[in-house]
Amino acid sequence: MAEVRLYNTLTRTVDRFVPADGTTVRMYTCGPTVYNPAHLGNFRTFLFEDLLRRTLRLAGWQVHQIMNLTDVDDKIIKRASDRGLTITDVTEPIVDTFHADRAFLRIEDAEGYPKATEHIDEMIDLVARLMDRGAAYQAEDGSVYFAIDRFDGYGKLSRLDTRQIRPGARVSHDDYSKENAQDFALWKAAKEEDEKAGAAWNSPWGRGRPGWHLECSAMAMRYLGATMDIHCGGVDLVFPHHEDEIAQSEGATGAPFSRFWCHGEFLLTDGSKMAKRVGNVATVADLREQGVSAAAFRHFVFSTHYRKQLNLSAEALEASIEGVRRVGDFADRLAAATGATPELAEVAAEAEREAAEALFDDLNAPLAMGALFKFIKRANAELDRAGNDAGAIAAARNALAGINGVLDVIPDHGPADDAGEIEAMLAERRDARERRDFARSDAIRKELEDRGIAIEDGPTGTRWKRAR
RNA sequence: GGCGCCGUGGCCAAGUGGUAAGGCGGCAGACUGCAAAUCUGCUAUUCGUCGGUUCGAUUCCGACCGGCGCCUCCA
């Protein structure tokens, strides 16, 4: 096993990571609230988690990842009420969109996508345990709250002193009655709209629905045990979401909830956080409309370290499209090559080692990307020199596959349904060139270019490829 | 008001107490009928500003300027 180092929000340092059981990494990644298609900021986080799971596997560990789908919350209920629908009516199509978008971006499947509404029993059990331990109480409004002053470790993740909240901070106007302003809802008493929208369940504390934080604790422990290896999310979840998860989980079990906490930074647009309320969101659908491939978007996201803010811009996307085209051309060239200089094998081995080391060092994808491009440049130079070492070609293909297995930045070719027609045009162009009728030859090339087909005349004939 | 992050060439970006990876773009050359692709060379004596520590700082410390984020339901 390679040594993997990860930044742990709990310790605020980069620590050596090894799964507790020595073989399988049990990780929980906070998923989307399914009332609107997830935006690219959300996907930056999911992409970081994809990078993490692929890197852990490259290091030799097995990965068991759980991502929750939050399918009951205030916004979902509001939408359902506004439209006279149930929450399921609202969430089902969005769940489908989420999986489609995820697939488009080549985000690997997690081992499970539990829904909050299907784990109400587990949540009720968790609340009951907290009540038994005296860490929770039912208020006059019927809702159940977690009493943060009965959990010593409260604030250890975010390092926020909740007594210090000052003017200038966003202050909540909570509809519910609590003993302490910082206490958070575990179980919310049902209101009229909740019942109508199908968002209310029976519990020992009356009809109600789970609080936001509760689902993650309940489902994480159900699928990963009392203590998991890694818990991930966006930085905005550090407080209060993850802090509260720790409180309610550890308050119930007495065991550490997660050994590592890893958080991805924001995607910015127009210089500020991409968020619904800022009104600057872009989605996968927008990406597709603009013709930005999954490979290009992955390149864009991985060109900056995950703990650094990243600004979405047309220029940056353009650079990624072009960069990824180069990777694709290189992959094609390697696939078609039959032999190379022996030095290619050395170049490949070095690239593979550099990329892996970069990834193992707190997911330094930008550095790994640098290693990939250095590899492409050197390997192309070796291929230009020609050679007959087939083993070197195989080594280069393996190295590329290894690095790309994590980054996944080789763009797909377009559909090849009109290949015969293109070949016919190329045959005509070849005849024209033999007659030195370059006007005709260039006209055909122009026509193909207009159809998104690029031509490359080489010593062994003409190659063509579809724009990616 | 509290806490934290960031500021590297035209753009994106890695990085280290010893003198700046990589990508995009640009310029020149090789190859080509011309292109494209590819290769080669060039494109930051400098890392927000000002001080300090040090033999030496972009890298450590301090101040300042600028940007962003968190401080209760937002990835």
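Colleague: Is Phe43 buried or exposed?
Modeller: Phe43 has 0% relative accessibility, so it counts as buried (under 20% relative accessible area, with exposed over 50% and partly exposed in between, using a 1.4 Å probe and protein chains only). Keep in mind that this is a predicted model, where local features need pLDDT of at least 70, side-chain atom pairs count only at 80 or more, and totals for chains, interfaces and linings use all residues. Side-chain values use heavy atoms, without hydrogens and water, and residues are numbered from 1 along each chain as its sequence is written.

Colleague: And what about Phe46, buried or exposed?
Modeller: Phe46 is at 5% relative accessibility, so it counts as buried.

Colleague: Where do Phe43 and Phe46 lie?
Modeller: Both are in helix α1, three residues apart, about one turn of the helix. Helices here are DSSP runs of H or I, at least four residues, numbered from the N terminus.

Colleague: How many aromatic pairs are there?
Modeller: Eleven, a pair being Phe, Tyr or Trp (six-membered) rings with centres within 6.5 Å; planes under 30 degrees apart are stacked, over 60 edge-to-face, the rest tilted. Phe43 and Phe46 have ring centres 5.6 Å apart and planes at 85 degrees, so that pair is edge-to-face.

Colleague: Which residues do ring pairs link into a cluster?
Modeller: Phe43, Phe46 and Phe98.

Colleague: Switching topic, what lies over the face of Tyr7?
Modeller: Arg307, at 4.1 Å from the ring centre. The criterion is NZ of Lys or CZ of Arg within 6 Å of the ring centre and within 35 degrees of the ring normal.

Key: Chains are lettered from A and ligands numbered from 1 in the order in which they are written. Helices (H or I, at least four residues) and strands (E, at least two) are DSSP runs, numbered from the N terminus.
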